[in-house]
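Reader: I'd like to learn how to read a structure like this one. Could you walk me through it, feature by feature?

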Amino acid sequence: QLRLVESGGGLVHPGGSLRLSCAASGFRLDSYAVGWFRRAPGKNLESVSCISKSSDDTFAAESVEGRFTISRDSAKNTVHLQMDRLKPEDTAVYYCAAGDFTDAVHFCLVAPLDTSNWGQGTQVTVSS
C-alpha cells in the first residue's frame with residue numbers, strides 16, 4: 001500500500017522552530033517530486049515548499065522563503081520541512097504529497113488540484 005505519513009507538528013512560540021517529516025511506505029520517495037502544503041483555519045490550501053525529483057530544484061512560497069527549508073533523507077525514505085522563525089500566521093494543518101513531476105514549481109502548482117489521496121496532515125500551532 002502506497003502511503004505518506006506526516007509528523008512533527010506541535011505547539012511552538014513565535015520565533016521558534018519545528019521540523020516536519022513526511023515518511024513514505026510502499027514506494028521510494030526519491031523517485032518523485034515532493035511538496036508541503038498547508039491549510040489554515042478559514043483559508044484556502046496553500047503550497048508551502050516543493051522539491052524536484054532530482055532534488056536539484058526547490059520552490060518556496062514567498063510567505064516562508066528564507067525561513068523554511070525542504071530536504072530529503074533518502075536513507076529514511078523521508079522528506080523534511082525545517083521551519084524556523086515561526087510566526088502565528090504559520091498556524092495550519094500541514095500536508096505532504098508526492099507526484100511524478102520533474103520540477104518543483106510545477107508540482108507545487110498542480111498538487112493542490114487533487115487532494116483525494118492525501119493523509120491526515122500534522123497540526124502546527126504558533127502561539128504565545
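Reader: Leaving aside its neighbours within four places in sequence, which residues is Ser52 in contact with?

Author: A word on the ground rules before that. This is a predicted model, where local features need pLDDT of at least 70 and side-chain atom pairs count only at pLDDT 80 or more, while totals for chains, interfaces and linings use all residues. Residues are numbered from 1 along each chain as its sequence is written, and side-chain values use heavy atoms, with hydrogens and water left out. Contact means heavy atoms within 4.5 Å. With those sequence neighbours set aside, Ser52 touches Tyr32, Ala33, Asp57, Arg72, Thr102, Asp103 and Ala104.

Reader: Where does Ser52 sit, and is it buried or exposed?

Author: For places, we use helices (H or I, at least four residues) and strands (E, at least two), which are DSSP runs numbered from the N terminus. Ser52 is in the loop between strand S5 (45-51) and strand S6 (58-60). Buried means under 20% relative accessible area, exposed over 50%, and partly exposed in between, using a 1.4 Å probe and protein chains only. Ser52 has a relative accessible area of 0%, so it counts as buried.

Reader: Let me try another loop residue. What surrounds Asp90?

Author: Asp90 lies in the loop between strand S8 (78-83) and strand S9 (92-99). Asp90 is buried because its relative accessibility is 0%. Leaving aside neighbours within four places in sequence, its contacts are Arg38, Val64, Arg67, Phe68, Arg85, Val124 and Val126.

Reader: How do I read a sheet, and in what order do the strands of the open sheet come?

Author: Start from pairing: two strands pair if DSSP finds at least two bridges between them. Here an open sheet of 4 strands runs in the order S1-S3-S8-S7, with antiparallel pairing.

Reader: How many bridges join S1 to S3, and how many join S3 to S8?

Author: S1 and strand S3 (residues 18-25) are joined by 5 bridges and run antiparallel. Between S3 and S8, also antiparallel, there are 6 bridges. Glu6, meanwhile, faces Cys22 in S3. In a regular strand the side chains alternate between the two faces of the sheet.

Reader: What about pockets? How much space lies in the largest pocket?

Author: On a 1 Å grid over the protein atoms alone, a pocket is an open set of points with protein on both sides within 12 Å along at least five of seven lines, and lining residues have an atom within 4 Å of a point. The largest pocket holds about 450 Å³ of space. It is lined by 20 residues, and the closest to its centre are Leu4, Ala97, Ala98, Asn117 and Trp118. S9 contributes the most to this lining, with 4 residues.

Reader: And how much space lies in the second largest pocket?

Author: About 150 Å³ of space lies there. Of the 13 residues lining the second largest pocket, Arg38, Lys43, Glu46, Ser63 and Glu89 are the closest to its centre.

Methods. 1 Å grid on protein atoms, 1.4 Å probe; cavity = no way out; pocket = protein on both sides within 12 Å on 5 of 7 lines; lining within 4 Å. Points joined across faces, edges and corners; volume = space filled by probe spheres on them.
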